[in-house]
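Subject: Handover of a structure

Dear colleague,

Please find the structure below, together with its sequence. My notes on it follow directly after.

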Amino acid sequence: MNLLNYALPVAALLPFFGAAVVASSARFHRAAPAWCSALAAFSALLVLIPAMSGVFAGETLIQSWSWVPSVGLEFAFRLDGLSLLFTLMILVIGLLVTLYAGYYLSAEDSKARFFSCLLLFMGSMLGVVLSENLLLLLVFWELTALSSFMLISFWQHREDARHGARMALAVTGMGGLALLGGVLLLGQIVGSYNLTEVLAAGDIIRSHEWYLPTLVLILVGVFTKSAQFPFHFWLPHAMAAPTPVSAYLHSATMVKAGIFLLARFFPALSGTSEWLWIVSTAGMLTLLLGAFVALFQHDLKGLLAYSTISHLGLITLLFGLGTPLAAVAALFHIINHATFKASLFMVAGIIDHETGSRDMRKLNGLMKYMPHTSVLAIIAASAMAGVPLLNGFLSKEMFFDQTVVASGASSWALAIPVLATLGAIFSVAYSLRFIHDVFFNGDPIDLPRVPHAPPLYMRLPVDLLVIVCLGVGMLPALTVGPLLAAAVKATIQGQAPDYSLAIWHGLNVPLLMSFVALLGGITVYVFRARLFAWNDRHLVRIDARVPYNAVLRALIQVATAITRRFDRGSLQHTLAWTMGPAGLVAVAGFVSMDSPLFGNRTLMDFDPVALIAFGGLMLSSVLTVVMHRKRMVSLILLGVVGLLVSLGFAKFSAPDLALTQLSVEIVTVVLLMLALFFLPQHTSGVSSRWRHIRDAIWAVGLGTGATLLTLAVLTRDLSPISDYFVENSVSGGGGTNVVNVILVDFRGFDTLGEIVVLSIAGLGIFALLRNIHLHASLTDMEGRAWSTDSHPVILQTLSRLLFPLMLLFAAFVFLRGHNLPGGGFIAGLVAALAIVLQYLGNGIQWTSARIRTDMHRVIAAGLFFAIATGLVSIVLKFPFLTSTFTYLKWPVVGKFEVASAMIFDLGVFLVVVGATVMILVELGKFNLLQATKPGKHTKGDD
Amino acid sequence: MGNFLEAPYLLEAVVVVLGLALLMLEAFLPKADKRLVAYIALFGLAGVLVASFNMKAPENLEHSFWSFYATDNLAFFYKNIAVLATMLVIVMAIEYTPVLEKYVSQGSKQGGLGEFFCLPVFVCAGLMWMASAKEFITIFVSLETVTISFYVLVAYMRRNVGSLEAGVKYLILGALSTGFFVYGVTWVFGLTGETHLEKIGIALQGLEGSDSAVLFAFTLILVGLGFKVAAVPFHVWVPDVYQGAPTPVTAFLSVGSKAAGFIVATRILQPFLEMERLHSSFTTILVIVTGATILFGNFAAIPQTNFKRLLAYSSISHAGFLLLALTCTPDQFQLTPGQVVAFYLATYLLMTMLCFLVLTIVRRSTESDEIAAFSGLHRRSPFLAFALLIGVISLAGVPLTAGFLGKFFVFTLAIDSGRWILLAFAVVGAASGFYYYLKVARAMYWEEPTELAAIEISPLARLALLLLIIATIVFGVYPAPILGLLTN
């Protein structure tokens, strides 16, 4: 096993591992986090060194492992020239920033937190540039957003840091989502998420119908990350971060991630007019806007931030132009910008650190106090301005050259070099302002601290970076030549164009443009006072943050409004929202009916008895509603409704249903009686008239709809389900009572579920009622006391007489259940009624003393029987609840059928008895307490 | 003896027996610490969970029993979800005991708490059963087993007005939605003469005419299901009920009830969606509901200041993403919508339970569910704050957490089926998710705490939190085990 086969993932994950170590290293030594952090970055660099030679030779190293193959996610890494360029920037500048930050942070800042966040960020960035799989890249992309959020908000106590961090996260996070969408589309088009395939499929992508949405989504991701117009506004606010963070994130890494992606997708997406227009327009606007606004910043870091925006715009514009040479210039400028901007940010940090201020109106004449640093800053700023012999000059010349080439396309394109020169003029002007205002221009004005030179190690990184600026500026081919060549080859994915890194290209148009820019910049700076006044009067108020905040506020307002609309906590409102759509659908259904509503089956004839019964049913239903204030009356009417329904069942040859309905009806009425006792006796009329009308419309509408639907069904032919059961009930279940056979045999499993539900309901009600105190009024509505004779003698006597009879009847119903109307369920209800009648007639105390069985146990026994029946069949290797039956000849009774399902039915019986009695008695007990001990609160059970 | 011990329905039977045994135990040992019941329940369920991995679908499926009892991967998967969710809810309930005592027992120590630990076990049995139900009556009965237990659980804190109000609302709306569902089922039955979903599918294919009747039935069933999964506009009960119910019950509703709704939806919608003639109509209805759910859930979550209510809306918005998966008809993507939904729900289980568990603990010590109660949590308990952070970033869908992959699968599915508008909604929704989820993180890490006393965490809760954190991250990085359960 060769460790080098794992070099790429190891390098990308080392910083993450380092972050974990760093987080816990502070307890050993104050400087430990910085050292650990540097060690992690350095090891990552070491791990990659063996792989580099191949990359310089133009090879692409890919190391991949399967991860989630079903979605195309692979743990795949790629090292080619482009990744190498970025990797080196990330790691080398990362190391310098680590060194710098070790001295920059004050004693009260948590170094462990800072460096672990920094490493997290470094790892995420490495992941982005080293990913071969686009999904993997996305994951790291999101992680850069999150870790940069933590870095920007490092000084959490500062309001501006929080706001800046949130804005950066919001904008780049949104961009990340867009990018996700773009990448998903790309993956769908290509059929793979691996860069190798994607980059090779440029033609397919460009000619695909999804090209434009894909491009736009990816570009939104790129533009948000790289602070391109119109998403540039987050970057200046992110300057609230500690300066090392700005030096790292906003020069070489985070904002370059977007640029990296542009370069990465260059072969796959570029070369169309859409690409040209969108990318170069955004780049050009950003270039101008950044350069212009930078001049007016008073905050050192603000100036650098807008300058960064401008330079990023320049790079974007170059990629937008789309020619191979433009890509070369772009890549070259990426390197140069990273070096001079990182050093300038560090200088800004040094100045802030040593003087306590970053305001250029106060900072003057620092040359006297920190000459070494000042010289460094002047060189770096000159590179930024594009002064010859420095690296910035070279890439800027290439840029001008490309704008000139592009201007040949049409007469409109002539504007490109003109605008580019305009941008360069402002670039020179703000660089000049940086140099002149800060280091010369008189003396400092009331600075918080007396300026002095920075510690050596804080300056050292700047030294190194400036040396690079100079080295590249003077000997470009020797210094960055090979790296650039490798990066160009990887970016273009084809033959690299001919280009020369020489300093002198002869007298040509680009040189002239540079010259104009230098002169123009100096002129602008000299006459800056008027420009500043104009800016303060007109432009200062224009702030992209205003629309951003307005959008955010509007969103929150909309959200609040929506919430207020729906979320009112009112039950009627809730019901309306549920019923409303259902009603709408129903109406739509009636309107768009595709066949006649009524079928052509002949209906049964009316007979007078049925007519009267149904008339009674309707009348009593209506009366129940109308009389709902008179509790007793409406309860009795409700009973009548139930009775009529059960008679209806009986008439249409469903005696079993009729029996069930009857017994359920009785239990329900008793239950309601007991419950009503505790409810307020008077219902106040809270509903308004309008509400009544509205509800009436609802009710009539729904009723009509339901009636029509029922009629529609009844007038059609249908084959009932019962045929199957009627045919199979004797052969399969050994009983002729189809309903009972279905319950205990065919659908035994469901019945088991139902009795479990019933038990739970019983137990639930029991649990809810236990220990509860209810206050029932001691008098009726007119103030008359309830009768003290709660157990009339006649009822007492009758109930005791009825008890054995009812139990016998229950047994009878149970036993005949398999063949004739009856069964465990009905029997259970009858038996429960028998018991409840004793409670009603004789009082709780009397009955409790005689019926001592705990209803919990009855329920448990019932469930036990039911489950045991099922388990027995399992033991006999049949599926759960398989039943069997046989016939026994009993003396006297005769032939009698015994089915295993009867034991199951017994379970049903017991559960029904237990649950029903438990619920009713539990409610009844309150009555007892209220009646016997008025005013005293006593525990319900025991 | 052979295969009878491997019959999958045995799992449910064992869970029911466990529930009964617990009830008995509670009845016969009135003086014992009620938490004993909970510990035994946990132990038993853990056993069931382990056993569920040894279960195999029987080879011989001829017996009529198997026609309404599914034994596919999805069924097993949802059974595991049910057991896991129940175990976590019981852990939460143990943490929640002090609050419950206050609102239930009044005076008598732990009086009336036993059932609170037993009922979830019955719910679990119902959920497991529902995972296998592929026949309307079975579906209905199992749905009711779950719902009725929930009626009791929601209203359990009977001295708390909020809990009672939630109970009443849930009862009334639940009954209403059940009514819709049953009515829809009868229509389907009237049209096809079948209650078995597979046979319904065949019958629907051969059905001539009566398109509006089929649509009507479909919509009615959708209303019922929409209620269970909290889809707009049938979501209206969610915020109030979630806020009022005891926190463990809210968590259970949010995960268990939703999972149940979705397995049923996955199974029921299939025969309809396979009906080519009406496919576009069904999809249109679903798409409208989905779009409304995603938008509303996410938008309404933004202004919330109460964490429980926030989670309620979050639950609605996640329902939207899940529904989005169900509307899809994938072309190239290797996972079916049903599998994506199952995966999403598994990750949703982890992160939601994480949030609720932290909420339960914080609620116990601060007596508040407001987001403000989480202010400066990282100073009072860095572990809790970290746990909740993982929970919320996973809910928001940050990469390398389980929540990201769920969303990612849904998005891929949506692109694959060309659901562009819904995808746009989903992206907007996910973006606003970042806002409201991170609000909690902000409170924990940026705001000053009102008091500094450390928050105590019991070892059991600590273990549960730790496992959830690890699972959230591990499955976010390496989802293969979950996908393996679903596909192999």
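A:Asp437 is buried, at a relative accessible area of 7%; buried means under 20% relative accessible area, exposed over 50%, and partly exposed in between, with a 1.4 Å probe and protein chains only. A:Arg528 has a relative accessible area of 22% and is therefore partly exposed. The side chains of these two residues, A:Asp437 and A:Arg528, meet in a salt bridge at 3.9 Å, N to O. The pair links distant parts of the chain, 91 residues apart: A:Asp437 belongs to helix α19 (residues 415–439) of chain A, and A:Arg528 to helix α24 (residues 528–539) of chain A. A salt bridge here is a side-chain nitrogen of Lys or Arg within 4 Å of a carboxyl oxygen of Asp or Glu. Helices (H or I, at least four residues) and strands (E, at least two) are DSSP runs, numbered from the N terminus.

Please note that this is a predicted model, in which local features need pLDDT of at least 70 and side-chain atom pairs count only at pLDDT 80 or more, while totals for chains, interfaces and linings use all residues. Residues are numbered from 1 along each chain as its sequence is written, chains are lettered from A and ligands numbered from 1 in the order in which they are written, and side-chain values use heavy atoms, with hydrogens and water left out.

Further salt bridges

Over all chains, a search of the whole structure finds 26 salt bridges. In chain B, the closest N and O atoms of B:Asp240 and B:Lys169 are 2.9 Å apart, and the two residues form a salt bridge. B:Asp240 lies in helix α9 (residues 237–244) of chain B and B:Lys169 in helix α6 (residues 161–192) of chain B, so this pair ties together parts that are 71 residues apart in sequence. Both B:Asp240 and B:Lys169 are buried. Elsewhere, salt bridges that share partners join A:Arg78, A:Asp80, A:Glu132 and A:Arg264 into one network. Within it, the side chains of A:Arg78 and A:Asp80 meet at 3.0 Å, N to O. A:Arg78 counts as buried at 2% relative accessibility, and A:Asp80 is buried at a relative accessible area of 1%.

A hairpin in chain A

Strand β1 (residues 61–68) and strand β2 (residues 73–79) of chain A pair in the antiparallel sense over 7 bridges; two strands pair if DSSP finds at least two bridges between them. A:Ser64 stands opposite A:Ala76 in β2(A). The two strands, β1(A) and β2(A), form a hairpin with 4 residues between them, and A:Gly72 in the turn has a positive phi of about 85°.

Domains and overall figures

Chain A has 38 helices and 4 strands. Of its 942 residues, 54% count as buried. Chain A is divided into domain 1 (133–529), domain 2 (530–566), domain 3 (569–683 + 694–715) and domain 4 (735–779 + 791–942), with bounds from an automatic or database domain assignment. The centres of domain 1 and domain 2 of chain A, taken over C-alpha atoms, are separated by 27 Å. In contact (heavy atoms within 4.5 Å) are 17 residues of domain 1 of chain A and 11 residues of domain 2 of chain A.

Yours sincerely
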